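Let's take a walk through a protein model together, one neighbourhood at a time. Keep the picture open as you read, and try to find each residue as it comes up.

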Amino acid sequence: MAFKIVPNPTFKGKVHIHVPGEGKPAVITFVFKHKTRAQLDEFQTWAKGKPDEDVILEIAEGWDVEGLEFSRDGLTELCQNHHSAPERIVQAYWSELTGARLGN
């Protein structure tokens, strides 16, 4: 694949979400929105104190969850039932966008 100066406007990323009582995390593939460095800086400032659903809707536009539409209501259901979901989604986005891997 040839290097592109201007990346695709969206990209996929896997989000690993802890499920209580399960040995392995669930994996949801999200469709994330690309942001330039300046846009990412603005996003970080904007996101402080915002509801989880607003933050996620700003960085993502789809997922592969069967039977649950990617929407504010769907995100609310995910975030209410899986406490680590918002943090894991943002971490996965950041990691995919910047090429940084969290942890060792």
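This is a predicted model: local features need pLDDT of at least 70, side-chain atom pairs count only at pLDDT 80 or more; totals for chains, interfaces and linings use all residues.

You'll find Asn8 in the segment before strand E1 (10-17).

From the C-alpha atom of Pro9 to that of Phe32 is 8.5 Å, and the two residues are 23 apart along the chain. If you ignore neighbours within four places in sequence, Pro9 touches Phe32, Lys33 and His34.

## Along strand E1: His16

Next stop: His16, which belongs to strand E1. Is His16 buried, exposed or partly exposed? With 43% relative accessibility, it counts as partly exposed.

What does His16 touch, leaving aside neighbours within four places in sequence? Its contacts are Pro25, Ala26, Val27 and Arg88. His16 can also be placed relative to Gln91: the two are 75 residues apart in sequence, with 9.9 Å between their C-alpha atoms.

## The aromatic rings

Now for the rings. How many aromatic pairs does a search of the whole structure find? The count is eight. Ring pairs also tie Phe11, Phe30, Phe32, Trp63, Phe70 and Tyr93 together into a cluster.

A pair of aromatic rings is described by how far apart the centres are and by the angle of the planes. Take Phe30 and Trp63: their ring centres are 5.7 Å apart and their planes meet at 75 degrees, so this pair is edge-to-face. The cut-off behind that label is an angle over 60 degrees. The pair links distant parts of the chain, with Phe30 in strand E2 (residues 26-33) and Trp63 in strand E3 (residues 60-63), 33 residues apart. Trp63 pairs with Phe70 as well: here the centres are 5.3 Å apart and the planes are at 85 degrees, so this pair is edge-to-face too.

Trp63 counts as buried because its value is 13%, and Phe70 counts as buried because its value is 17%. The cut-off to remember is that buried means under 20%.

## Helices H1 and H2

Time to look at the helices. Two packed helices are described by the angle between their axes and by the distance between those axes. Helix H1 (residues 37-47) packs against helix H2 (residues 52-59) at an angle of about 170 degrees, and their axes are 11 Å apart. H1 and H2 are therefore roughly antiparallel to each other, as angles over 145 degrees get that label. The crossing of H1 past H2 is right-handed.

Which residues make the contact? On the H1 side they are Phe43, Trp46 and Ala47, and on the H2 side they are Asp54, Val55, Glu58 and Ile59. Sorted by type, the residues of this contact are five nonpolar, no polar and two charged.

## Helices H2 and H3

H2 also packs against helix H3 (residues 72-81), at an angle of about 120 degrees and with the axes 9 Å apart. That makes H2 and H3 oblique to each other. H2 passes H3 in a crossing that is right-handed.

In this contact, Asp52, Glu53, Asp54, Ile56 and Leu57 of H2 meet Arg72, Leu75, Thr76 and Cys79 of H3. By type, the residues of the contact are four nonpolar, one polar and four charged.

## Last stop: Asn81

The C-alpha atoms of Asn81 and Val19 are 9.2 Å apart, and the two residues are separated by 62 residues along the chain.

Note on methods:
Residues are numbered from 1 along each chain as its sequence is written. Side-chain values use heavy atoms; hydrogens and water are left out. Axes are lines fitted to C-alpha atoms, for helices over the stretch in contact, and angles run from 0 to 180 degrees between N-to-C directions. Helices (H or I, at least four residues) and strands (E, at least two) are DSSP runs, numbered from the N terminus. Angles under 35 degrees count as roughly parallel, over 145 as roughly antiparallel, 65 to 115 as roughly perpendicular and the rest as oblique. A crossing is left-handed if the near helix is turned anticlockwise from the far one by less than a right angle, and right-handed if clockwise. Contact means heavy atoms within 4.5 Å. Ala, Val, Leu, Ile, Met, Phe, Trp, Tyr, Cys and Pro count as nonpolar, Asp, Glu, Lys and Arg as charged, and the others, Gly among them, as polar. Rings of Phe, Tyr and Trp (its six-membered ring) pair if their centres lie within 6.5 Å; planes under 30 degrees apart count as stacked, over 60 as edge-to-face and the rest as tilted. Buried means under 20% relative accessible area, exposed over 50%, partly exposed in between (1.4 Å probe, protein chains only).
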